[in-house]
Amino acid sequence: MSFDYGDFSYASKAEMLEKSREFWNPGKTDFWVDAGVPLVIDRREEYYLYDMSGKRLLDVHLNGGTYNLGHRNVEVVQAVTAATAHFDIGNHHFPSLARTALAEALVTSAPPGITKVVYGSGGGEAIDIAIKTARHTTRKRKIVSIIKAYHGHTGLAVATGDDRFSKLFLSDQPEEFPHVPFNDLGAMEEVLRGGDVAAVLIETIPATYGFPLPDPGYLESVKRLCERYDALYIADEVQTGLMRTGELWAITKHGICPDILVTGKGISGGMYPISAVLVTERAAGWLTEDGFGHISTFGGAELGCIAGLKALEICSRTETRSMVHYISDLIGRGLREIQSQYPDWFVGIRQHGVVIGLEFAHPQGAKFVMRSLYENGVWAIFSTLDPRVLQYKPGILMRPQLCEDLLDRTEVAIGQARSRLPRTDRHTSPRLRTAVPA
Amino acid sequence: MKEATSETAGVPRARQMLELAGWAAAAFARYDRASVMRIAEAVARVAESKAEHYAEWAVRETGFGVVEHKVLKNQLCSRGVVDAYRDHDYVTPRVDADAKMLEVPRPAGVVLALTPSTNPVSTVYCKVLLALLTRNAIVVSPHPFAKECCADAARALGEAAVAAGAPDGVVQVIDEPSIPLIDALMTDERTNVIVATGGVPVVRAAYGSGNPAIGVGPGNVPVLVDATADLQRAAEKLVASKAFDNSILCTNESVLVVEDSVADRFVREMERHGAHLLTAEERDRVRDVVFPEGRFDTTTVGKDAATIAARAQVRVPARTRILLAPFDSAVDEEPLAHEKLCPVLGMVRVPNAQRGIRTAVAVLRIGGAGHSAVIHSRNAETVMAYAAAVRVLRVAVNEGSSTGSAGFGTHLAPTMTIGTGFLGRSSLGENLEPKHLVNWTRVAYSTDPAEVLPSFEGMVPWEAPFEAVPPYPMPSNATVSTLTAMSSNGAGSGDGGSIELREELRRLILEELTAIVRG
């Protein structure tokens, strides 16, 4: 069996892995092999991934919602393919056809108060833009985020997250980037009280931390505190936006109109990288003062804007919204049934729409479930910053049969992981104990 | 670039409607009978209350038919349909003790309904109610000539259904139907059954789709009036039927076959009710208008008699409702022997009933196989002989066909979709009714006398929905106040008009939280 991809080919999967180790990233390559998930994604369609071996996997990782609409969604592919006959990345200096069109669509879709859009090429850059925007607006430097938060790996974003990724590159900046515990309003007020905070940056549901849900009223109170201490509220909606909670932007369900809203991942339709920062008029000042303040050659690439327009349109459809409500209900009911069979092992379900975290009664529990799921044809990833919790993220266009199939496989896998736990635990490679980003 | 995407514009979203319909159908298939009937009754009430509104709209939009008759059809296809099936049960499992069989109903799932321009809203009403009575989801694809009234009607019915507890997406409608779009939906594997009412091409396409289909053929209805008929009554019925909605129903009478001995009297009776007998010369002019160069002119569909007469420069009395066009024999090359969806009725005189039967058979050889025929007679033997000879699946006796064959005024199933059966290249040989949209799982016990059929008394695998379907997604740690706040926030999102409401809610929530924080 050889693997011919046109301009390149591999004699075997083993050879591919060897080259991956040699030329690309030995740490990552080895990690997955050791973790029992020796996945090299080959063909991909709908919500399925195929390993080079031909093994098929139902994808409920979706790269944090990048593949919300499925892999190679036909409509997005068609839109991008057609656009290549006319557009390329574009020139970021000039007024642009596609950037303007997507900006208008995003503003129209956004919570009240949002008036302008700034583009990046990925979520990290978008967070950097949001932080810079908040600093410009408030003339203050401090950015508050949540302990164990994850907002990307670029210069400013990485400092807002867990220090695992900042210290490695000597990029932690604790003075300007204080972290507070999630769901702790006292700590939040404490850090804001000095009046020197430019913004609070917070994922509506922190993904990489295993989707702990905000306590009822928590986000609303944070927003109120932001108003009291003149800090901006930056809603990171990269994973919670685009209909995953059954509304286009999860933050609107809290009745919050953020000063800045960040979107990425799914807005690309999984086909062309793009991210966007949606800002209120108050925060949009620098776009008038110095429109060249943030420059990004690939930020808002016009092909990405085309993908984004289509992805946003699909996500915004009433049919999609209703389907997410159905999917969320079916999956939620199914998971609760499974949980009732393993109450001592499968100890918690954190769910809001199709944003779902499954808690297991073992410090590394989700890694075992991830492996069992893989064996049962499902790809879901543990939460990097809380490996008790499995991230379980069904697509927003899932068919009923696909959801039922997913639940059947999940039930078997959770049972298997539990029955194997003691022995598997003893034989776990030390590498499995290190975490990787989602 | 534009061409590449515009060709399939609307198709992906329409496919998504099928997908959503699949979700709705899966949920609906678990509803119990009481819930189903509550939904059907609620939808029928809304439909009936808007019967006039949509009758006027349909005539305005299509230019076909008569408002008051469309009102009647809309009433018959709303309240009439639910009245007809109220005592039927397509939901609860049933036991056939003699056959040692339990039968569990299985709805088709997603019904793709193609509706015509001729009976637009009444067909939408009818198909939606048949689907709801059997726990199916339905996607309506209206004829482009009638798309606005049909889309509005389907939407109103869908809203009524959901308001009565039906799953969201149970009734959907295509706003901008086109041939590539309909083709895509018909061939989509998410379509469980196509119910096609319309012209021959669309029905043939439905059967060619590869999906289960119920499509019906065209009519060309002969009406035999023999010497034993109650002429007065027959004349009144025939003229009323031919004038009904300007002959737009496929069940309308096409060719009158009348026994010579009573023909003159019968024509005089018909004239009393508003028929106008054309002279040979007038007949030729009308033929040229309705069948220019031998082909039916669709601009005459559903136009009234006066309009057609005027086009043919024929002077007719003011109260003329139908034009009676005599010709000699029912042969293919005689255009007037073909189907006429306008108030022009062909007429052939025959020496006796036997010859009349052969003439009716000839009319049906030309068109309308499997559809409908009528006889006005008091002679049971003639009725039997006629029924045995004419290649149709329903014969209305001493009744008008427009409504009678469609199940209004007879005990045929009330419908706008007339099965033409194997004779007429259709899988359906009856008037479309709810039972055609549901299969039954037969749970068969052994014939061995030792094997006893248990009692399934009181066992119903379905239940009433206890909340909106689907429920609004809430965080799994929600409290009562979050539930209230989020559903209000959510319901308002994306709707610019509710910003004030959201702001107000936000203020209330903040007040509540402030109070909590301050302890």
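B:Ala113 of strand S3 has B:Val195 as its bridge partner in strand S6 of chain B, and these two strands, S3(B) and S6(B) (residues 193–196), run parallel and are joined by 4 bridges. The model described here is predicted. In chain A the pLDDT averages 94, and 96% of the residues score at least 70, although over residues 424–438 of chain A the pLDDT is below 50, and this stretch has 35 contacts in the model beyond near neighbours in sequence.

- Strand S3(B) spans residues 110–115, and because 6 of its 6 residues are buried, the strand is largely enclosed by the rest of the structure.
- In a regular strand the side chains alternate between the two faces of the sheet.
- Both faces of S3(B) are covered, with B:Val110, B:Leu112 and B:Leu114 buried on one side and B:Val111, B:Ala113 and B:Thr115 buried on the other.
- S3(B) also pairs with strand S4 of chain B (residues 137–142) in the parallel sense, over 6 bridges, and within this pairing B:Val111 has B:Ile138 as its bridge partner.
- Between S3(B) and S4(B) the chain passes through helix H6 of chain B (residues 120–133), and this β-α-β crossover is right-handed.

**Nonpolar cores**

- The largest nonpolar core has 208 residues, of which A:Leu106, A:Met188, A:Leu390 and A:Tyr392 touch the most other members.
- Helix H2 of chain B (residues 11–28) gives the most to this core, contributing 11 residues.
- Leaving aside residues up to four places away in sequence, A:Met188 touches A:Val144, A:Ile146, A:Val180, A:Val200, A:Tyr218, A:Val222 and A:Leu225.
- In soluble globular proteins, nonpolar side chains tend to be buried together.

**Cysteines**

- A disulfide is a covalent bond between the sulfur atoms of two cysteines, and a search of the whole structure finds 0 disulfides over all chains.
- B:Cys149 is in no disulfide, since the nearest cysteine sulfur, that of B:Cys150, is 4.3 Å away, whereas a disulfide needs the two sulfur atoms within 2.5 Å.
- B:Cys149 is buried, with a relative accessible area of 0%.
- B:Cys250 is likewise in no disulfide, and the nearest cysteine sulfur, belonging to B:Cys77, is 12 Å away.
- B:Cys250 counts as partly exposed, at 22% relative accessibility.

Notes:
Residues are numbered from 1 along each chain as its sequence is written. Chains are lettered from A and ligands numbered from 1 in the order in which they are written. This is a predicted model: local features need pLDDT of at least 70, side-chain atom pairs count only at pLDDT 80 or more; totals for chains, interfaces and linings use all residues. Side-chain values use heavy atoms; hydrogens and water are left out. Buried means under 20% relative accessible area, exposed over 50%, partly exposed in between (1.4 Å probe, protein chains only). Two strands pair if DSSP finds at least two bridges between them. A crossover is right-handed if, with the strands pointing away from the viewer, the path from the first strand over the helix to the second runs clockwise. pLDDT is the predictor's confidence in each residue, from 0 to 100. Contact means heavy atoms within 4.5 Å. A nonpolar core is a set of buried Ala, Val, Leu, Ile, Met, Phe, Trp, Tyr and Cys residues joined through side-chain atoms within 4.5 Å.
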